[in-house]
Amino acid sequence: MNEAPVIHERRDGYHVLTLNRPDRLNSFNEAQHLALRAALEECAADAACGAVLLTGAGRGFCAGQDLSDRDPTIQGESPDLGMTLETYYNPLVRQIRGMEKPVICAVNGVAAGAGANIAFACDIVLAAKSAKFIQAFSKIGLIPDAGGTWWLTRHLGEARAKALALTATPLPAEDAAAWGLIWKAVDDDRLMVEAVALAEGFAAGPTRAYALTKQAIHAASANGLEDQLEVERNLQREAGWSDDYKEGVKAFLEKRPANFRKG
Ligand code: T3D
(Lines give C-alpha, C1' and ligand atoms only; values in the text may rest on other atoms or scores of the structure.)
Protein backbone atom coordinates (compact mmCIF):
# COMPACT_ATOMS: atom_id res chain seq x y z
CA MET A 1 0.00 0.00 0.00
CA ASN A 2 1.21 3.51 -0.84
CA GLU A 3 1.72 5.37 2.45
CA ALA A 4 2.27 8.84 0.99
CA PRO A 5 -0.32 11.26 2.45
CA VAL A 6 -1.11 12.40 -1.09
CA ILE A 7 -0.80 10.15 -4.12
CA HIS A 8 0.30 12.25 -7.10
CA GLU A 9 -0.34 10.74 -10.53
CA ARG A 10 0.97 12.64 -13.53
CA ARG A 11 -1.22 11.64 -16.46
CA ASP A 12 -1.21 12.80 -20.07
CA GLY A 13 -2.39 16.42 -19.84
CA TYR A 14 -3.63 16.41 -16.23
CA HIS A 15 -2.64 15.36 -12.72
CA VAL A 16 -4.65 13.35 -10.17
CA LEU A 17 -4.09 14.09 -6.47
CA THR A 18 -5.57 11.58 -4.02
CA LEU A 19 -5.72 12.38 -0.30
CA ASN A 20 -4.39 9.20 1.21
CA ARG A 21 -5.02 8.75 4.93
CA PRO A 22 -8.10 6.54 4.57
CA ASP A 23 -8.03 5.17 8.13
CA ARG A 24 -8.57 8.79 9.30
CA LEU A 25 -11.01 9.60 6.47
CA ASN A 26 -8.19 11.61 4.85
CA SER A 27 -8.34 14.26 7.57
CA PHE A 28 -5.53 16.79 7.41
CA ASN A 29 -2.37 16.51 9.46
CA GLU A 30 0.70 18.58 8.73
CA ALA A 31 2.23 15.96 6.42
CA GLN A 32 -0.89 15.84 4.26
CA HIS A 33 -1.03 19.65 4.09
CA LEU A 34 2.61 19.87 3.01
CA ALA A 35 2.26 17.06 0.45
CA LEU A 36 -0.86 18.61 -1.07
CA ARG A 37 0.75 22.03 -1.20
CA ALA A 38 3.82 20.66 -2.98
CA ALA A 39 1.68 18.67 -5.42
CA LEU A 40 -0.46 21.71 -6.27
CA GLU A 41 2.68 23.80 -6.77
CA GLU A 42 3.94 21.21 -9.24
CA CYS A 43 0.58 21.18 -11.07
CA ALA A 44 0.67 24.98 -11.32
CA ALA A 45 4.23 24.99 -12.66
CA ASP A 46 3.77 22.16 -15.20
CA ALA A 47 2.83 23.66 -18.56
CA ALA A 48 1.79 20.19 -19.76
CA CYS A 49 -0.79 19.93 -16.97
CA GLY A 50 -4.13 21.30 -18.16
CA ALA A 51 -6.27 20.27 -15.19
CA VAL A 52 -6.07 18.96 -11.65
CA LEU A 53 -8.32 16.24 -10.29
CA LEU A 54 -8.57 16.02 -6.49
CA THR A 55 -10.16 13.03 -4.74
CA GLY A 56 -9.82 10.85 -1.64
CA ALA A 57 -8.73 7.28 -0.99
CA GLY A 58 -11.08 4.85 0.72
CA ARG A 59 -14.65 5.52 1.80
CA GLY A 60 -14.31 9.24 2.62
CA PHE A 61 -13.17 12.33 0.78
CA CYS A 62 -11.84 14.30 3.76
CA ALA A 63 -12.95 14.78 7.38
CA GLY A 64 -11.25 18.17 7.83
CA GLN A 65 -8.63 18.66 10.50
CA ASP A 66 -7.18 15.51 12.09
CA LEU A 67 -8.55 15.94 15.59
CA SER A 68 -6.11 13.49 17.12
CA ASP A 69 -3.55 16.28 16.57
CA ARG A 70 -5.77 18.56 18.66
CA ASP A 71 -6.28 16.25 21.66
CA PRO A 72 -6.42 18.64 24.65
CA THR A 73 -5.30 15.92 27.05
CA ILE A 74 -2.04 15.71 25.12
CA GLN A 75 -1.69 19.30 23.92
CA GLY A 76 -2.30 21.07 27.22
CA GLU A 77 -2.48 24.71 26.19
CA SER A 78 -5.04 25.50 23.46
CA PRO A 79 -3.44 25.82 20.03
CA ASP A 80 -3.80 29.08 18.09
CA LEU A 81 -6.26 27.97 15.42
CA GLY A 82 -6.06 31.36 13.71
CA MET A 83 -2.42 30.54 13.12
CA THR A 84 -3.13 27.08 11.72
CA LEU A 85 -5.68 28.56 9.32
CA GLU A 86 -3.21 31.22 8.23
CA THR A 87 -0.42 28.65 7.84
CA TYR A 88 -2.27 25.77 6.18
CA TYR A 89 -5.94 26.08 5.27
CA ASN A 90 -6.07 29.64 3.94
CA PRO A 91 -3.07 29.18 1.63
CA LEU A 92 -4.61 25.92 0.39
CA VAL A 93 -7.88 27.62 -0.52
CA ARG A 94 -5.97 30.41 -2.26
CA GLN A 95 -3.81 27.89 -4.11
CA ILE A 96 -6.85 26.06 -5.48
CA ARG A 97 -8.76 29.23 -6.38
CA GLY A 98 -5.68 30.81 -7.96
CA MET A 99 -4.69 27.72 -9.99
CA GLU A 100 -4.54 28.85 -13.62
CA LYS A 101 -6.23 25.68 -14.85
CA PRO A 102 -9.44 23.94 -13.83
CA VAL A 103 -9.43 22.06 -10.53
CA ILE A 104 -11.98 19.23 -10.44
CA CYS A 105 -12.99 17.66 -7.15
CA ALA A 106 -14.38 14.13 -7.13
CA VAL A 107 -15.99 13.75 -3.71
CA ASN A 108 -15.97 9.99 -3.22
CA GLY A 109 -17.54 9.93 0.27
CA VAL A 110 -18.13 12.03 3.33
CA ALA A 111 -16.66 15.55 3.25
CA ALA A 112 -16.71 17.11 6.71
CA GLY A 113 -15.41 20.31 8.28
CA ALA A 114 -12.63 21.88 6.25
CA GLY A 115 -12.83 18.80 4.00
CA ALA A 116 -16.20 19.99 2.69
CA ASN A 117 -15.03 23.55 2.27
CA ILE A 118 -11.87 22.58 0.40
CA ALA A 119 -14.08 20.67 -2.03
CA PHE A 120 -16.18 23.83 -2.50
CA ALA A 121 -13.02 25.80 -3.28
CA CYS A 122 -12.51 23.65 -6.40
CA ASP A 123 -13.86 24.80 -9.74
CA ILE A 124 -16.05 21.83 -10.57
CA VAL A 125 -17.29 19.50 -7.85
CA LEU A 126 -18.70 16.08 -8.71
CA ALA A 127 -19.87 13.93 -5.82
CA ALA A 128 -20.83 10.29 -5.52
CA LYS A 129 -24.54 10.01 -4.66
CA SER A 130 -23.57 8.29 -1.43
CA ALA A 131 -21.41 11.24 -0.35
CA LYS A 132 -22.53 13.91 2.08
CA PHE A 133 -21.25 17.31 3.13
CA ILE A 134 -21.13 18.18 6.83
CA GLN A 135 -20.26 21.51 8.40
CA ALA A 136 -19.11 19.55 11.44
CA PHE A 137 -17.54 22.54 13.19
CA SER A 138 -20.34 23.42 15.64
CA LYS A 139 -20.16 19.88 17.02
CA ILE A 140 -16.71 20.69 18.41
CA GLY A 141 -17.30 24.33 19.28
CA LEU A 142 -15.79 25.89 16.15
CA ILE A 143 -17.01 28.00 13.26
CA PRO A 144 -16.87 26.98 9.58
CA ASP A 145 -13.48 27.78 8.06
CA ALA A 146 -11.54 27.16 4.84
CA GLY A 147 -13.99 29.56 3.18
CA GLY A 148 -17.08 27.76 4.52
CA THR A 149 -18.97 30.87 5.61
CA TRP A 150 -18.24 32.39 2.19
CA TRP A 151 -19.16 29.41 -0.02
CA LEU A 152 -22.33 28.60 1.92
CA THR A 153 -23.59 32.17 2.01
CA ARG A 154 -22.73 32.90 -1.64
CA HIS A 155 -24.16 29.71 -3.03
CA LEU A 156 -27.09 29.08 -0.72
CA GLY A 157 -28.06 32.34 0.97
CA GLU A 158 -28.17 33.01 4.69
CA ALA A 159 -31.09 30.76 5.61
CA ARG A 160 -29.52 27.54 4.36
CA ALA A 161 -25.99 28.62 5.28
CA LYS A 162 -26.94 29.24 8.87
CA ALA A 163 -28.98 26.05 9.21
CA LEU A 164 -26.16 23.88 7.82
CA ALA A 165 -23.49 25.60 9.91
CA LEU A 166 -25.41 25.81 13.18
CA THR A 167 -26.93 22.33 13.12
CA ALA A 168 -24.13 20.43 11.33
CA THR A 169 -26.85 18.52 9.47
CA PRO A 170 -25.31 16.28 6.78
CA LEU A 171 -26.25 17.48 3.29
CA PRO A 172 -26.59 14.57 0.84
CA ALA A 173 -24.77 14.99 -2.49
CA GLU A 174 -27.98 15.12 -4.50
CA ASP A 175 -29.32 17.97 -2.36
CA ALA A 176 -25.97 19.78 -2.60
CA ALA A 177 -26.32 19.62 -6.39
CA ALA A 178 -29.98 20.64 -6.36
CA TRP A 179 -29.09 23.60 -4.13
CA GLY A 180 -26.28 24.78 -6.42
CA LEU A 181 -23.46 24.05 -3.99
CA ILE A 182 -21.77 21.55 -6.33
CA TRP A 183 -21.99 20.75 -10.03
CA LYS A 184 -23.38 17.21 -10.04
CA ALA A 185 -24.13 14.12 -7.98
CA VAL A 186 -23.43 10.94 -9.95
CA ASP A 187 -23.80 7.24 -9.35
CA ASP A 188 -20.92 6.05 -7.21
CA ASP A 189 -19.50 3.79 -9.90
CA ARG A 190 -19.56 6.67 -12.41
CA LEU A 191 -17.73 9.22 -10.24
CA MET A 192 -14.19 8.69 -11.44
CA VAL A 193 -15.28 7.92 -15.01
CA GLU A 194 -17.01 11.30 -15.23
CA ALA A 195 -14.28 13.17 -13.36
CA VAL A 196 -11.57 11.72 -15.62
CA ALA A 197 -13.61 12.56 -18.73
CA LEU A 198 -13.80 16.17 -17.55
CA ALA A 199 -10.06 16.27 -16.83
CA GLU A 200 -9.24 14.80 -20.25
CA GLY A 201 -11.51 17.37 -21.90
CA PHE A 202 -9.77 20.21 -20.08
CA ALA A 203 -6.36 18.72 -20.86
CA ALA A 204 -7.15 19.11 -24.56
CA GLY A 205 -8.72 22.55 -24.14
CA PRO A 206 -7.59 26.19 -24.18
CA THR A 207 -5.88 26.45 -20.77
CA ARG A 208 -5.33 30.20 -20.86
CA ALA A 209 -9.00 30.83 -21.65
CA TYR A 210 -9.96 28.61 -18.70
CA ALA A 211 -7.68 30.62 -16.41
CA LEU A 212 -9.16 33.90 -17.62
CA THR A 213 -12.69 32.53 -17.23
CA LYS A 214 -11.95 31.59 -13.61
CA GLN A 215 -10.51 35.05 -13.02
CA ALA A 216 -13.61 36.75 -14.47
CA ILE A 217 -16.05 34.63 -12.50
CA HIS A 218 -14.14 35.19 -9.26
CA ALA A 219 -14.16 38.93 -9.89
CA ALA A 220 -17.92 38.86 -10.51
CA SER A 221 -18.77 38.10 -6.92
CA ALA A 222 -17.32 41.43 -5.78
CA ASN A 223 -18.34 43.57 -8.79
CA GLY A 224 -21.37 45.43 -10.03
CA LEU A 225 -22.30 44.97 -13.71
CA GLU A 226 -20.37 48.03 -14.95
CA ASP A 227 -17.14 46.92 -13.29
CA GLN A 228 -17.64 43.36 -14.48
CA LEU A 229 -18.14 44.50 -18.09
CA GLU A 230 -14.73 46.13 -17.82
CA VAL A 231 -13.19 42.97 -16.40
CA GLU A 232 -14.63 41.00 -19.32
CA ARG A 233 -13.34 43.54 -21.85
CA ASN A 234 -9.82 43.33 -20.44
CA LEU A 235 -9.69 39.56 -20.12
CA GLN A 236 -11.34 38.98 -23.50
CA ARG A 237 -8.75 41.25 -25.08
CA GLU A 238 -6.06 38.96 -23.68
CA ALA A 239 -7.92 35.82 -24.78
CA GLY A 240 -8.36 37.28 -28.26
CA TRP A 241 -4.60 37.65 -28.63
CA SER A 242 -3.94 33.99 -27.87
CA ASP A 243 -2.94 31.32 -30.38
CA ASP A 244 -5.73 29.19 -28.94
CA TYR A 245 -8.31 31.72 -30.13
CA LYS A 246 -6.85 31.78 -33.63
CA GLU A 247 -6.84 27.99 -33.69
CA GLY A 248 -10.40 27.79 -32.31
CA VAL A 249 -11.82 30.05 -35.01
CA LYS A 250 -9.76 28.42 -37.76
CA ALA A 251 -10.90 24.95 -36.67
CA PHE A 252 -14.53 26.08 -36.61
CA LEU A 253 -14.29 27.50 -40.13
CA GLU A 254 -12.53 24.39 -41.38
CA LYS A 255 -15.15 22.18 -39.68
CA ARG A 256 -12.60 20.16 -37.67
CA PRO A 257 -11.80 19.77 -33.95
CA ALA A 258 -9.53 22.47 -32.56
CA ASN A 259 -5.98 21.51 -31.68
CA PHE A 260 -5.18 23.82 -28.77
CA ARG A 261 -1.56 24.24 -27.81
CA LYS A 262 -2.03 26.15 -24.56
CA GLY A 263 -1.19 29.68 -25.64
O1 T3D B 1 -7.61 22.77 14.06
C2 T3D B 1 -7.38 23.62 13.23
O3 T3D B 1 -6.25 23.76 12.73
C4 T3D B 1 -8.47 24.53 12.76
C5 T3D B 1 -9.09 24.00 11.53
C6 T3D B 1 -10.17 23.21 11.61
C7 T3D B 1 -10.74 22.61 10.40
C8 T3D B 1 -11.71 21.50 10.66
O9 T3D B 1 -11.93 20.76 9.75
S10 T3D B 1 -12.45 21.34 12.18
C11 T3D B 1 -13.56 19.97 11.93
C12 T3D B 1 -12.86 18.65 12.09
N13 T3D B 1 -13.64 17.53 11.60
C14 T3D B 1 -14.66 17.02 12.27
O15 T3D B 1 -15.07 17.50 13.30
C16 T3D B 1 -15.27 15.76 11.68
C17 T3D B 1 -14.97 14.59 12.60
N18 T3D B 1 -15.46 13.35 12.03
C19 T3D B 1 -16.75 13.01 12.06
O20 T3D B 1 -17.61 13.72 12.52
C21 T3D B 1 -17.09 11.67 11.47
O22 T3D B 1 -15.93 10.88 11.42
C23 T3D B 1 -17.69 11.76 10.04
C24 T3D B 1 -19.10 12.36 10.12
C25 T3D B 1 -16.82 12.59 9.11
C26 T3D B 1 -17.80 10.32 9.46
O27 T3D B 1 -18.48 9.50 10.36
P28 T3D B 1 -18.44 7.92 10.17
O29 T3D B 1 -19.32 7.34 11.20
O30 T3D B 1 -18.70 7.60 8.74
O31 T3D B 1 -16.91 7.51 10.42
P32 T3D B 1 -16.14 7.41 11.83
O33 T3D B 1 -16.29 6.05 12.39
O34 T3D B 1 -16.51 8.56 12.68
O35 T3D B 1 -14.63 7.66 11.34
C36 T3D B 1 -13.84 6.61 10.81
C37 T3D B 1 -12.46 6.72 11.42
O38 T3D B 1 -11.89 7.98 11.01
C39 T3D B 1 -12.53 6.71 12.95
O40 T3D B 1 -11.35 6.11 13.40
P41 T3D B 1 -11.41 4.62 14.07
O42 T3D B 1 -12.41 4.65 15.18
O43 T3D B 1 -11.83 3.72 12.92
O44 T3D B 1 -10.01 4.38 14.51
C45 T3D B 1 -12.48 8.19 13.26
O46 T3D B 1 -11.97 8.47 14.54
C47 T3D B 1 -11.54 8.70 12.18
N48 T3D B 1 -11.79 10.13 11.93
C49 T3D B 1 -12.82 10.68 11.29
N50 T3D B 1 -12.69 12.00 11.26
C51 T3D B 1 -11.54 12.29 11.89
C52 T3D B 1 -10.96 11.09 12.32
N53 T3D B 1 -9.81 11.07 12.99
C54 T3D B 1 -9.21 12.26 13.26
N55 T3D B 1 -9.73 13.45 12.86
C56 T3D B 1 -10.88 13.50 12.19
N57 T3D B 1 -11.36 14.69 11.75
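Is I124 buried or exposed? I124 counts as buried, since its relative accessibility is 19%; the cut-offs are under 20% relative accessible area for buried, over 50% for exposed and partly exposed in between, with a 1.4 Å probe and protein chains only. This is a predicted model, where local features need pLDDT of at least 70, side-chain atom pairs count only at pLDDT 80 or more, and totals for chains, interfaces and linings use all residues. Residues are numbered from 1 along each chain as its sequence is written, and side-chain values use heavy atoms, with hydrogens and water left out.

**I124 and its surroundings**

- I124 sits in strand β7, which spans residues 124-128; strands (E, at least two residues) and helices (H or I, at least four) are DSSP runs, numbered from the N terminus.
- Leaving aside neighbours within four places in sequence, I124 is in contact with V103, I104, C105, W183, L198 and F202, where contact means heavy atoms within 4.5 Å.
- L225 is 101 residues from I124 in sequence, and their C-alpha atoms are 24 Å apart in space.

**Helices α1 and α3**

- Two packed helices are described by the angle between their axes and the distance between the axes.
- For helix α1 (residues 30-45) and helix α3 (residues 81-98), the axes come within 11 Å and cross at roughly 25 degrees. Here the axes are lines fitted to C-alpha atoms, for helices over the stretch in contact, with angles from 0 to 180 degrees between N-to-C directions.
- α1 and α3 are therefore roughly parallel to each other; that label goes to angles under 35 degrees, with over 145 as roughly antiparallel, 65 to 115 as roughly perpendicular and the rest as oblique.
- The crossing of α1 past α3 is left-handed, that is, the near helix is turned anticlockwise from the far one by less than a right angle (clockwise would be right-handed).
- On the α1 side, the contact is made by E30, H33, L34, L36, R37, L40 and E41, and on the α3 side by T87, Y88, Y89, P91, L92, Q95 and I96.
- Sorted by class, the α1 contact with α3 has 8 nonpolar, 3 polar and 3 charged residues. The nonpolar class is Ala, Val, Leu, Ile, Met, Phe, Trp, Tyr, Cys and Pro, the charged class is Asp, Glu, Lys and Arg, and the others, Gly among them, are polar.

**A closer look at L36**

- L36, located in helix α1, is buried with a relative accessible area of 2%.
- Not counting residues up to four places away in sequence, L36 touches V6, L17, L19, F28, L54 and L92.
- P5 is 31 residues from L36 along the chain, and their C-alpha atoms are separated by 8.2 Å.

**Helices α4 and α5**

- Helix α4 (residues 114-121) and helix α5 (residues 148-156) have axes that come within 9 Å and cross at roughly 60 degrees.
- That angle makes α4 oblique to α5.
- α4 passes α5 in a crossing that is left-handed.
- N117, F120 and A121 of α4 make this contact with G148, W151 and L152 of α5.
- The class tally for α4 with α5 is 4 nonpolar, 2 polar and no charged residues.

**Loop residues**

- N26 belongs to the loop between β2 and α1, and its phi is near 55 degrees, a positive value in a residue other than glycine.
- With a relative accessible area of 0%, N26 is buried.
- S27 is found in the loop between β2 (14-19) and α1, and its relative accessibility of 4% counts as buried.
- Apart from neighbours within four places in sequence, S27 is in contact with R21, Q32, C62, A63, G64, Q65 and D66.
- A146, in the loop between β8 (132-134) and α5, has a phi near 55 degrees, a positive value in a residue other than glycine.
- A146 counts as buried at 2% relative accessibility.

**Cysteines**

- A disulfide is a covalent bond between the sulfur atoms of two cysteines.
- Searching the whole structure turns up 0 disulfides, with a disulfide taken as a pair of cysteine sulfur atoms within 2.5 Å.
- C49 is in no disulfide, and its nearest cysteine sulfur, that of C43, is 4.6 Å away.
- C49 counts as buried at 1% relative accessibility.
- C105 is in no disulfide either, the nearest cysteine sulfur being that of C122, 4.3 Å away.
- C105 counts as buried at 0% relative accessibility.
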